[in-house]
Amino acid sequence: METDRAGRVRIQPDLTVPGHPEIFVAGDTAALNQDGKPLAGVAQVAMQQGRYAGRLIHRRVTDKSEPRPFRYVDKGMMAVVGQGYAVLQSGTVHIKGAPAWLAWRRCTFCFWVRRASGSIPAAPYTRAGPNDPAVTIALTL
Ligand SMILES: Cc1cc2nc3c(=O)[nH]c(=O)nc-3n(C[C@H](O)[C@H](O)[C@H](O)COP(=O)(O)OP(=O)(O)OC[C@H]3O[C@@H](n4cnc5c(N)ncnc54)[C@H](O)[C@@H]3O)c2cc1C
């Protein structure tokens, strides 16, 4: 398998290894360019790629048509930088302070509810508590 300088496996837009349609690589171990730039090693990318791979495999085994190539959708970022203070960026929206912190609390709560219900897997960075400083979460909701 061909890898980039960081040792990540170069994959095709359907997340498979060239010449191996049965091998999928997603997340931090995958190297995929979008619009000429490599996708970042963040949870949003890993989660969207995981969902895509699952959907594609399901469609293959049920003899349905292949989905369009994977395309990462950047929903934005949030970071808590203190008690009651956060920054939020999503598209052209930039919010900071208490409103961003309230939005972060709401997203975190929804994320945990979904995780507890089993609809999304646990992610390592979500082990931090809601009041830990410098916790960034991806807008995956
Ligand atoms: C300290 C830190 C903070 C981060 N903060 C953020 C953040 O705020 N926001 C954000 O979006 N991203 C963040 N990231 C990045 C994010 O965690 C990763 O991009 C994301 O977890 C990648 O998901 P993954 O499934 O590819 O890999 P991982 O989440 O690393 O999952 C890989 C899994 O494979 C298991 N594994 C490894 N080797 C084997 C093996 N041989 N056999 C079986 N299992 C194995 C590992 O135990 C692990 O459970 C952070 C990363 C770190 C390290």
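Two residues are in contact if their C-beta atoms, placed from the backbone, lie within 7 Å. The chain as a whole averages a pLDDT of 86, and 84% of the residues score at least 70. This is a predicted model, in which local features need pLDDT of at least 70 and side-chain atom pairs count only at pLDDT 80 or more, while totals for chains, interfaces and linings use all residues. Residues are numbered from 1 along each chain as its sequence is written.

The chain has two helices and 10 strands. These elements are DSSP runs, numbered from the N terminus: helices are H or I runs of at least four residues, and strands are E runs of at least two. Along the sequence they follow the pattern β-β-β-β-β-β-α-β-β-β-α-β. Of the 141 residues, 16% count as buried. A residue is buried if 20 or more other C-beta atoms, placed from the backbone, lie within 10 Å of its own, exposed if 12 or fewer do, and partly exposed in between. Among contacts between residues at least 6 apart in sequence, 41% join residues at least 24 apart.

The helix H1 (43-61) has 19 residues and reaches 27 Å from its first C-alpha to its last, close to the 27 Å expected at 1.5 Å a residue. The expected span is 1.5 Å times one less than the number of residues. Val-45, Gln-48, Gln-49, Tyr-52 and Leu-56 are buried in H1. They lie on the same side of H1 because they cover an arc of only 100° around the axis, the arc being that of the directions from the helix axis to the C-beta atoms. An α-helix has 3.6 residues a turn, so residues three or four places apart point the same way. On the other side of H1, Gly-54, Ile-57, His-58 and Val-61 are exposed. The buried residues of H1 pack against strand S4 (30-31).

The largest nonpolar core has 11 residues: Ile-11, Leu-15, Val-25, Ala-26, Ala-30, Leu-32, Leu-39, Val-45, Tyr-52, Leu-56 and Phe-70. H1 gives the most to this core, with three residues. A nonpolar core is a set of buried Ala, Val, Leu, Ile, Met, Phe, Trp, Tyr and Cys residues joined through C-beta atoms within 7 Å. Ala-26, one of the core residues, is in contact with Leu-15, Ala-46, Gln-49, Gly-50 and Ala-53, leaving aside its neighbours within four places in sequence. A second, separate core of seven residues includes Met-78, Leu-88, Ala-100 and Trp-104.

Two residues call for attention to their backbone angles. Most residues other than glycine have a negative phi. Leu-15, although not a glycine, has a positive phi of about 70°; this residue lies in the loop between strand S1 (9-10) and strand S2 (16-17). Leu-15 counts as buried because it has 20 C-beta neighbours inside 10 Å. Asp-63 is likewise not a glycine and has a positive phi of about 60°. With 6 other C-beta atoms within 10 Å, Asp-63 is exposed.

Further along, strand S8 (residues 85-90) and strand S9 (residues 93-97) run antiparallel and are joined by five bridges; two strands pair if DSSP finds at least two bridges between them. Ser-90 has Val-93 in S9 as its bridge partner. The hairpin of S8 and S9 has two residues between the strands, and there Gly-91 takes a positive phi near 60°. The C-alpha atom of Gly-91 is separated by 9.5 Å from that of Met-77, 14 residues apart along the chain. Met-77 lies in strand S7 and counts as partly exposed, because it has 15 C-beta neighbours inside 10 Å.

Helix H2 (residues 98-116) has 19 residues and reaches 26 Å from its first C-alpha to its last, close to the 27 Å expected. Ala-100, Trp-101 and Trp-104 are buried in H2. Seen down the axis, these buried residues fall within an arc of 95°, so they line one face of the helix. What covers them includes S7, S8 and S9. The face turned away carries the exposed residues Ala-98, Pro-99, Arg-106, Phe-109, Cys-110 and Val-113. Just after H2, Gly-118 takes a positive phi of about 85°.

Notes: pLDDT = per-residue confidence, 0-100.
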